[in-house]
Structure formats: structure tokens, C-alpha cells
Amino acid sequence: MTWLGVMLAAAFTIGGIFWLGRLPVAARPLVGAAVMLGLAGYALQGSPALPGKPVAAATEPEGFGEALTDQRQGMAERFGPAAQWLGMSDGFARTGKTELAAKTLEKGLEKYPDNVDLWVGLGNALAAHGGGMMSPAAALAFDEAARRDPSHPAPPFFAGLALAQGGDLKGAEAVWSELLARSPADAPWRSDLEMRLAQLRQALGPPPVPVDRGAEGVPN
């Protein structure tokens with residue numbers, strides 16, 4: 001029954017092209033041959049009798065999409081060339097194509113080598129491509145961003161995020177604590193940073209109690 005439907009569809013297609021399309025008589029054999037060639041290829045490679053099977057979407061790297069979009073509050077320009085490159089990179093990252101996401105930003109940096117947002121985005125993409133770990137290449141990208149604008153909040157914020165996701169909680173705490181200390185009270189990213197820092201410190205547990213070395217060895 002499936003092949004009967006295919007043949008009927010082909011017949012209607014040829015008929016529509018011939019009469020509705022009003023093709024010249026000399027061109028009709030070529031059109032018919034093209035349709036038949038398509039049918040022959042489908043007969044060799046197609047499997048119309050098989051049941052349909054939906055394709056599973058690629059798994060998004062954990063926390064990566066959130067880091068790139070939701071947590072850019074007030075830290076990156078919304079318009080202009082950087083936003084365009086970041087948008088393309090985000091699209092690749094959301095489908096799991098982290099290497100392509102990083103290469104997209106590298107292309108953007110060829111045109112805008114001093115753009116802080118692109119350097120930060122590259123650091124994020126490289127960290128995601130490394131499985132969420134802070135690789136030397138990702139650290140270099142964050143350092144390049146900070147070097148171009150030491151007052152910009154994005155380089156330390158996302159560097160701390162990459163460190164935390166990679167398991168270096170103490171390193172992340174140090175970076176975020178310094179950023180929080182210099183963040184204005186009304187900064188749009190401050191409340192999110194405070195929440196993340198509190199969660200980080202809770203995971204680290206209470207600091208060790210200092211030992212009074214002067215009391216050691218004192219006889220009772």
C-alpha cells in the first residue's frame with residue numbers, strides 16, 4: 001500500500017507539471033525522467049514500510065545554557081557585533097556543538113580582538129567543550145577578557161562559575177568574593193552572585209577552627 005501511494009503521488013506530480021505548469025512538449029520527457037530517477041533512488045535507499053522514529057535532541061551540557069544567557073544580566077551588550085556572535089555561539093552550544101560554539105567566537109575575535117564579551121564567551125565555550133572543566137585555554141580566554149577591562153564583572157563571574165563547575169570550589173570562592181567586594185550595591189548581577197557565593201560556602205562547610213599554638217605544650 002505504501003508503494004501504491006508513492007506511485008500515485010508521482011503520477012499526480014507529473015500530471016500537474018505537464019498540464020498545470022504548461023511546459024513545452026520538448027521539455028516534458030526531461031521532467032518525466034527526473035521524477036522517475038527520483039523514484040528509482042527512493043526504491044534503492046528508502047524504507048517507507050518502517051515505522052517512524054523521532055530523533056532525540058542532543059543533550060545540552062549541564063548548566064551551560066543558563067550560564068550563557070540567564071546569567072549574563074547586565075554583563076554583556078545586548079546589541080552590536082558581540083551580541084550577534086554570542087547569539088550564534090549560544091545556538092550551537094544549546095545543541096551540544098560546543099567545539100563549533102568556540103570556533104564561532106574565535107572568528108568573531110578575529111574581527112573584534114579587544115571585545116571583552118567575546119573573550120568571556122570564548123572562555124565559557126571552551127570550558128563547556130572540556131566537559132565543564134576550567135581548561136588552560138578557557139583560563140587564558142578569561143584572563144584576556146580581564147586584561148582588556150579589569151573593571152568588567154563578566155570575566156571573574158564566569159571564571160568563578162567554570163571553577164565551581166569543575167570542582168575547584170575554593171578557587172571559585174576566592175574569585176567571586178573579590179568580585180562581590182567591588183560590585184556596586186545596585187549592580188544587576190549582585191543578588192545572583194550573593195546567592196551563588198552563599199551556596200558555594202555552604203558546600204565548602206565551616207572554616208577550620210584556628211589552633212592556638214601558644215597554648216600547646218603548657219603544663220596543667
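Predicted model: local features only at pLDDT ≥ 70, side-chain atom pairs only at ≥ 80, totals over all residues.
**The whole chain**

Begin with the protein chain displayed as a cartoon. Its secondary structure comes to 10 helices and 0 strands, and the pattern read along the sequence is α-α-α-α-α-α-α-α-α-α. Colour the chain by accessibility next: of its 220 residues, 35% are buried. Among contacts in the protein chain with a separation of 6 or more, 56% join residues 24 or more positions apart.

**Helices α6 and α7**

Select residues 116–129, which form helix α6, together with residues 136–148, which form helix α7. The axes of the two helices are 8 Å apart, and the packing angle is about 165°. Angles over 145 degrees count as roughly antiparallel, and α6 and α7 are therefore roughly antiparallel to each other. Their crossing is left-handed.

Now show the side chains at this contact. On the α6 side, select Val116, Trp119, Val120, Leu122, Gly123, Asn124, Leu126 and Ala127. On the α7 side, select Ala137, Ala138, Ala141, Phe142, Glu144, Ala145 and Arg148. Colouring this set by class gives 11 nonpolar, 2 polar and 2 charged residues.

Keep α7 in view and select Glu144 and Arg147. These two residues form a salt bridge, with 2.8 Å between the closest N and O atoms. Both lie in helix α7, 3 residues apart, which is about one turn of the helix.

Side chains of opposite charge can pair when their charged atoms come close.

**Helices α6 and α8**

For the residues in contact, select Val116, Val120, Asn124 and Ala127 in α6 and Ala154, Pro155, Phe158 and Ala162 in α8. By class, this contact has 7 nonpolar residues, 1 polar residue and no charged residues.

**A loop at Gly96**

Select Gly96, which is in the loop between α4 (81–94) and α5 (98–111). With a relative accessibility of 35%, Gly96 counts as partly exposed. Then select Ala128 and draw a distance between the two C-alpha atoms. How far apart are the C-alpha atoms of Gly96 and Ala128? They are separated by 9.2 Å, although the two residues are 32 residues apart along the chain.

**Helices α9 and α10**

Move on to helix α9, residues 169–181, and helix α10, residues 190–204. The two helices pack at an angle of about 145°, with their axes 10 Å apart. The crossing of α9 and α10 is left-handed.

Within α10, select Arg190 and Glu194. Their closest N and O atoms are 3.1 Å apart in a salt bridge. Both residues lie in α10, 4 residues apart, about one turn of the helix. Glu194 is partly exposed, with a relative accessible area of 37%.

Next, select Arg182 and Glu178, whose side chains meet in a salt bridge of 3.4 Å, N to O. Arg182 is partly exposed at a relative accessible area of 33%, and Glu178 is partly exposed at 43%.

To finish, show salt bridges throughout the model. How many does a search of the whole structure find? The search finds 8 salt bridges, and the pairs visited on this tour include Arg147 with Glu144, Arg190 with Glu194 and Arg182 with Glu178.

How values were computed
Residues numbered from 1 in each chain as written. Heavy atoms only, no water. Axes fitted to C-alpha atoms, helices over the stretch in contact; angles between N-to-C directions. Parallel < 35°, antiparallel > 145°, perpendicular 65-115°, else oblique. Left-handed = near helix turned anticlockwise from the far one by under 90°. Contact = heavy atoms within 4.5 Å. Nonpolar A, V, L, I, M, F, W, Y, C, P; charged D, E, K, R; others polar. Salt bridge = Lys/Arg side-chain N within 4 Å of Asp/Glu carboxyl O. Buried < 20%, exposed > 50% of the residue type's maximum accessible area, 1.4 Å probe, protein only.
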